[in-house]
Amino acid sequence: MAKLKDLYKTQFSTHTFKNEELKGLTKDDMLELQQLVDSEGLYVRKDPTGNITVNGIKDGVNKIILMVNTSLPRKEMRVMEEDKLYTRVMWCILGQSRDWERLPKTANHNLENGAAAGGIQDAQGVLWQVDLQNMEATTRVPGQRTKLKRLENLPDFIFPLYWDSMAAGEAMKVVVLQPFSQEYQRVQIGFKRTANNNILKIERLQNIHLRRAYEGQKRHLSEKNKRSGGAGEKFLYHGTTQENAVSIMNTGFNRRFAGQNATSYGSGTYFAVNANYSAATAFSKPAADGSQLMFVARVLTGVYTQGQHGMKVPPPRDSQRPHDLYDSVVNRVDNPNMYIVFHDDQAYPDYLITFK
């Protein structure tokens, strides 16, 4: 009997895996672990803290230990791959709010590598079946269908999620919005809030060079004004002509053209809070067919002050610090309806509205 006990001790083994170790295993790893436990005839016990103890023949227990130890580095490698890919490629899904949302890192990795046959989970944990040929995703219940898209960032530029993908080397793209889209309706509502004109077309402007410069200025003002309101990004209006519209779409707003319409509050680029102001024919000169043009611009207003005729740049915030200037000026400090900026990168032409 003693020899039998000694033999049992030499062939029998037990090992406890801490809960922290097991957290690094995927669902597939845990399934593989259970299958190995069953095939080796091992006994598993889980304690209240989440630790798992495996008992059984030593060879079987050693196989479990080896499987866990090899799975963890594999998991770490997968996490590193997901992180690296996430900075370069953005798979997005059109959410219930009809805004584009980034998919989580695991779904992003699976879609990029064609490993989404089992479905993907969005940020809310909803499981979707995907049709990559048609770039669509469908839920099992109740059968909701939505769109997918893939954006690939540049080394020095992260694509806005609402943009369409662009070909390699393509720096400028104009996208005509569909009237039924949430994006079109959002721009339309802002315009119609004060303007009664009829919208003929809304175009989204995707200019990588201009947007890159704008985002750089936004980061600068956010840091500079972190204790006083940040960059102060606003959506404002700027009436224009056909000739000037083409120039602005390609090279941005240029304060050197200040004075064509107004200089009452300084020689900068003027933006209106209300669309009806920019719709005036003095700012949006009608074309031969009677159509007019207006930009919806992202404008970094930052910390502003009262503008004055003749200003070439905003005045200093503090007379003791003459190089610390305000970021923009306004027609009136109390509830302004006009903002003037003197730095070209402080405004980005987001949309172009054609109207009558």
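Ala, Val, Leu, Ile, Met, Phe, Trp, Tyr, Cys and Pro are counted here as nonpolar, Asp, Glu, Lys and Arg as charged, and the others, Gly among them, as polar. By that division, the lining of the largest pocket comprises 16 nonpolar, five polar and 11 charged residues. The structure is a predicted model, in which local features need pLDDT of at least 70 and side-chain atom pairs count only at pLDDT 80 or more, while totals for chains, interfaces and linings use all residues. Residues are numbered from 1 along each chain as its sequence is written, and side-chain values use heavy atoms, with hydrogens and water left out.

The largest pocket holds about 830 Å³ of space, a volume being the space filled by probe spheres set on grid points that are joined across faces, edges and corners. A pocket, on a 1 Å grid over the protein atoms alone, is an open set of points where a 1.4 Å probe fits, with protein on both sides within 12 Å along at least five of seven lines, and its lining residues have an atom within 4 Å of a point. For the largest pocket there are 32 such residues, and S181, Q182, E183, R186 and R204 lie nearest its centre. Helices (H or I, at least four residues) and strands (E, at least two) are DSSP runs, numbered from the N terminus. Among these elements, β9 (145-152), β10 (172-176), α6 (182-192), β12 (233-240), β14 (292-300) and β20 (347-355) each supply at least two residues of the lining of the largest pocket, and the largest share, five residues, comes from α6.

Rings of Phe, Tyr and Trp (its six-membered ring) are paired if their centres lie within 6.5 Å, with planes under 30 degrees apart counting as stacked, over 60 as edge-to-face and the rest as tilted. The structure holds nine aromatic pairs. One of them, formed by Y214 and Y348, is tilted, at 6.3 Å centre to centre and with 50° between the planes. F253 and F295 form another aromatic pair, an edge-to-face one with 5.7 Å centre to centre and 80° between the planes. Elsewhere, ring pairs link F157, F159 and W163 into a cluster.

An α-helix has 3.6 residues a turn, so residues three or four places apart point the same way. Helix α3 (residues 27-40) has 14 residues and should span 20 Å at 1.5 Å a residue, which agrees with the 20 Å between its end C-alpha atoms; the expected span is 1.5 Å times one less than the number of residues. The buried residues of α3 are D29, L33, L36 and V37. They cover an arc of only 100° around the axis, which puts them on the same side of α3, the arc being that of the directions from the helix axis to the C-beta atoms. K27, D28, D38 and S39 are exposed on the other side of α3, and just after this helix G41 takes a positive phi of about 65°. In α8, the buried residues include A245, I248 and M249. Seen down the axis of α8, its buried residues fall within an arc of 100°, so they line one face of the helix, while E243 and T251 are exposed on the other side.

Positive phi is also found in residues other than glycine. M135, with phi near 50°, is placed in the loop between β7 (127-131) and β8 (136-139) and counts as partly exposed at 23% relative accessibility. N335, with phi near 55°, lies in the loop between β18 (328-330) and β19 (338-341) and counts as exposed at 57% relative accessibility.

Technical notes: Buried means under 20% relative accessible area, exposed over 50%, partly exposed in between (1.4 Å probe, protein chains only).
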